[in-house]
Amino acid sequence: MPSLTPQNAAEAAEIIAQAAAENQPLEIIAGASKRALGRPVASDDILDISALRGIISYEPAELVLSVHAATPMSEVEAALSEHQQMLAFEPPDWRGLLGGGGEPTLGGVVACNQSGPRRVRAGAARDYFLGFSAINGQGESWKAGGKVVKNVTGYDMSKLQAGAFGTLSVLTEITLKVMPKPQTAATILLPGLAGEVAIALLSQALNTPYEISGVAHLPAAVARRSGVAPVAQGGAVTALRLEGHAPSVAFRVEATEALLGRGERLDAAQSAQFWREVGEVSPLLPGPGRVIWRLCPTPSAAPEVLRGINGAFASAEAYYDWGGGLIWLSLEAEQAGPDAGAAVVRGAMARAGGHATLVAAPAAVRAAVPVFAPLPAPLEALARRVKQSFDPRGILNPGRIQEGH
Amino acid sequence: MILMPPPDQAVLARRAQIVADLRQIVPGDGVIDTEHERRAFECDGLTAYRQLPMVVVLPSTTAQIVGVLRYCTEHNVKVVPRGAGTSLSGGALPLEDGVLLGLGKFKRILEIDTANRCVVVQPGVTNLGITHAVQGLGLYYAPDPSSQIACTIGGNVAENSGGVHCLKYGLTTNNVIGIEMVTMDGEILRLGGKHFDSGGLDLLGVMVGSEGLLGVVTEVTVRVLPTPPGARALMIGFSTVEGSADCVAEIIAAGIIPGGMEIMDRLAVEAAEAFVHAGYPLEAAALLIVELDGVAVEVDHLVALVEEIAQRHGATSCRASQSEAERLLFWAGRKAAFPAVGRLSPDYYCMDGTIPRRRIGYVLARMTQMEQVYGLRVANVFHAGDGNLHPLILYNANIPGELERAEEFGNDILRLCVEVGGVLTGEHGVGIEKRDLMGTMFNETDLGQQQRLKCAFDPASLLNPGKVFPQLCNCAELGRVHVHGGQTRFPELPRF
């Protein structure tokens with residue numbers, strides 16, 4: 001497969017303009033750690049923008065970071081750590097989940113709108129995406145948004161690019177809002193709750209003013225795979241994370257336990273490891289022969305969604321994050337059948353409201369099964385028109401989200 | 001002066017027929033055509049610009065909105081959506097040849113869902129109305145534009161409204177999780193819902209802040225948050241504005257994100273103090289108000305940290321509120337800053353640029369120079385946490401030429417904001433007010449891409465045309481495939 005490797009944004013624009021002129025589709029990669037996410041791209045050529053890397057500007061006191069799109073996450077995190085800052089949406093590393101290796105980049109994180117456990121409180125990648133420069137499907141360099149934290153000048157194009165999986169434009173420079181890193185963190189573990197009891201309790205927790213920033217529930221079989229000893233003791237685990245200034249965390253942990261029940265506590269280091277596992281889906285990664293789904297239902301409906309799926313597939317394993325707003329589900333591929341369980345999963349989701357994405361499955365399955373939730377016809381038609389407004393020839397990551405565009 | 005697109009004479013000639021047809025779709029008193037009654041809709045919060053709409057339609061059901069938009073698409077009639085009409089940028093300015101579509105009858109709160117921390121409302125519910133509906137449950141809706149008592153959530157969605165608590169709690173876009181909307185061709189779409197994130201392209205994200213150019217919002221699902229148990233405010237005086245800005249930078253660098261952080265300059269402080277007697281330090285060149293919210297332990301801890309930072313940065317005075325009454329008093333002057341400034345001058349013009357905060361000293365010095373050039377005074381209040389300036393230009397509309405001078409002054413301020421790396425508008429929207437300045441921030445390619453997106457939603461450009469973009473969009477022209485890198489190799493092949 002030929003790989004085109006522009007050394008800067010201008011070269012990338014030329015390549016795309018040429019590809020547009022020749023109706024030649026391109027698969028866009030940077031660190032290539034998420035190539036297996038979404039539908040396989042219908043393209044023989046790869047546009048590898050990994051040379052577009054490096055921090056352009058970072059103003060900690062302004063909470064603003066601008067980077068070239070292919071800047072590795074490790075470099076971003078190192079720079080932010082120096083000033084005790086972070087990406088509040090806690091982007092997870094999915095290399096274990098997707099199994100392809102590679103180097104996660106900030107551009108990839110933004111393009112896939114990847115958020116971790118703190119999303120439930122702090123918002124998603126898209127909520128921190130302030131502005132960008134990009135190249136559209138005609139090879140035109142364009143920009144939108146700004147480099148300040150508050151801006152409503154023109155359409156909010158950043159929202160549209162986040163989660164577009166590179167199908168609308170190729171991001172070349174991105175500006176994000178960053179946040180102070182919490183001084184400390186603690187996690188409360190409540191043992192032995194059934195799923196529906198746990199989700200109701202987590203909902204109650206999110207309605208307190210104790211600023212809980214992680215709300216997950218792991219059934220016994222899943223919790224046992226955690227590398228954090230107090231989590232892996234045998235039973236189901238319901239986890240609540242509190243972060244912030246030390247005196248505040250100490251008070252809020254007490255107050256939360258007084259309200260919801262006492263449990264075991266994870267210290268800051270254990271807490272960090274546990275929530276990393278939750279974000280990286282590592283408790284569901286037992287090996288080959290399984291497919292993994294990511295479900296975003298109406299949170300309170302999550303237990304019912306899972307009941308429906310469990311009834312159909314004895315091999316189903318799952319856990320909840322985001323207080324039920326996120327279900328990670330693993331199915332034995334053979335039992336799930338040729339559609340990877342899509343009919344059952346989406347049937348269960350239809351009653352709950354929300355969407356389900358087939359995240360980890362062999363390429364042939366991802367080509368045959370709608371990976372992203374199918375849209376009602378009028379919305380699908382609008383999504384197509386939007387795609388065409390950026391990429392009229394359909395050359396940027398064609399087929400990545402939906403077949404045919 | 002800002003020019004609007006020339007009216008379509010063919011539409012104006014059919015006005016009587018159009019009014020009659022619209023009455024078939026929206027019966028009863030929902031269609032307003034007398035000049036006297038239309039007058040109430042001739043402007044929004046940008047009162048210097050007025051235009052009588054061709055006809056006002058006040059539907060009461062989504063089906064009627066679908067009917068009106070379908071009819072207008074079929075008959076090539078422009079539509080301007082309107083909430084409460086509090087826009088400060090002219091986003092709801094009517095068109096002479098357009099239907100003004102008022103959403104004021106959509107006032108119901110449809111569902112309060114505490115388990116999922118959200119509320120489903122019709123677009124005509126006021127911003128504050130949402131908080132009132134849930135405050136008994138210990139919840140509130142976070143974005144709080146200063147017009148929150150009057151402005152509607154539908155308008156907030158259109159403008160992506162902010163408020164004083166944005167830095168910590170986000171703008172409208174960060175707090176709206178679902179909408180129902182109707183496209184110009186009458187299609188009902190649901191974007192988002194009670195769940196997290198979008199399953200495909202985030203069309204909800206681009207609808208919020210689209211200033212009524214992409215669709216008419218008919219239902220909104222907002223996230224509501226637990227009310228912080230307490231809050232305290234600090235009132236800190238500085239002998240220079242730079243000193244106050246440095247203090248803000250240091251607070252953030254120390255890892256503190258206050259619920260609110262506001263700076264007022266001397267003229268704004270003097271006006272506010274004379275108006276509400278909040279005990280503001282009149283000797284200060286700048287007053288910084290910092291509010292910390294959360295559990296009491298946290299608030300007290302952070303108040304002490306902020307006091308220490310303020311002292312280190314040469315604060316000339318520093319008072320922390322000791323009671324809720326005192327906290328509200330500290331805020332009273334800031335909240336009354338606009339009417340207080342209004343007492344200094346018959347008219348004022350409120351600007352809304354955002355700058356990187358570190359440039360505040362330079363920007364204020366340049367503004368002082370401009371005051372000399374234009375012979376007009378400026379009072380400054382701004383959302384210090386996010387660098388969002390609200391310069392208030394004092395003028396007298398009864399003096400010929402003074403409004404134009406104030407507008408030109410305002411434009412110069414906004415050009416300056418862009419020059420130092422900022423943006424034209426932080427929360428008020430582009431509307432007509434900043435439309436002709438879009439070129440200072442975006443080039444033709446940038447704007448062309450934005451307008452092609454508009455074409456995907458509204459190919460005939462009938463929805464709120466003349467706003468946001470300096471040139472009307474011709475979708476056929478914009479839609480042409482441009483070939484830059486070379487010649488199309490197989491011109492006979494079908495494209496797309």
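## Two helices in chain B

Let's start with a pair in chain B: helix H2 (residues 15-25) and helix H4 (residues 62-74) have axes that come within 9 Å and cross at roughly 155°. Axes here are lines fitted to C-alpha atoms, for helices over the stretch in contact, with angles from 0 to 180 degrees between N-to-C directions; helices (H or I, at least four residues) are DSSP runs numbered from the N terminus. That makes H2(B) and H4(B) roughly antiparallel to each other, a label for angles over 145 degrees. Their crossing is right-handed, as the near helix is turned clockwise from the far one by less than a right angle.

On the H2(B) side, B:Asp21, B:Leu22 and B:Ile25 meet B:Gln64, B:Gly67, B:Val68 and B:Tyr71 of H4(B). By class, that contact has four nonpolar, two polar and one charged residue. Ala, Val, Leu, Ile, Met, Phe, Trp, Tyr, Cys and Pro count as nonpolar, Asp, Glu, Lys and Arg as charged, and the others, Gly among them, as polar.

## About the model

This is a predicted model, where local features need pLDDT of at least 70, side-chain atom pairs count only at pLDDT 80 or more, and totals for chains, interfaces and linings use all residues. Residues are numbered from 1 along each chain as its sequence is written, while chains are lettered from A and ligands numbered from 1 in the order in which they are written.

## Domains of chain A

Chain A splits into domain 1 (3-180), domain 2 (184-280) and domain 3 (290-368), with bounds from an automatic or database domain assignment. The C-alpha centres of domains 1 and 2 of chain A are 31 Å apart.

Twelve residues of domain 1 of chain A are in contact (C-beta atoms, placed from the backbone, within 7 Å) with ten residues of domain 2 of chain A. On the domain 1 side, helix H3 (95-98) and helix H5 (119-122) of chain A are the elements giving two or more residues. H5(A) has the largest share, three residues.

## Where chain A meets chain B

Between the chains, 86 residues of chain A are in contact with 85 residues of chain B. Helix H15 (residues 377-390) of chain A gives the largest share of the chain A side, nine residues.

The axes of H15(A) and helix H17 (residues 444-457) of chain B come within 8 Å and cross at roughly 155°, so H15(A) and H17(B) are roughly antiparallel to each other. The crossing is right-handed. Residues meeting there include A:Leu382 and A:Phe390 in H15(A), and B:Leu453 and B:Ala456 in H17(B).

Conventions:
Angles under 35 degrees count as roughly parallel, over 145 as roughly antiparallel, 65 to 115 as roughly perpendicular and the rest as oblique. Two residues are in contact if their C-beta atoms, placed from the backbone, lie within 7 Å.
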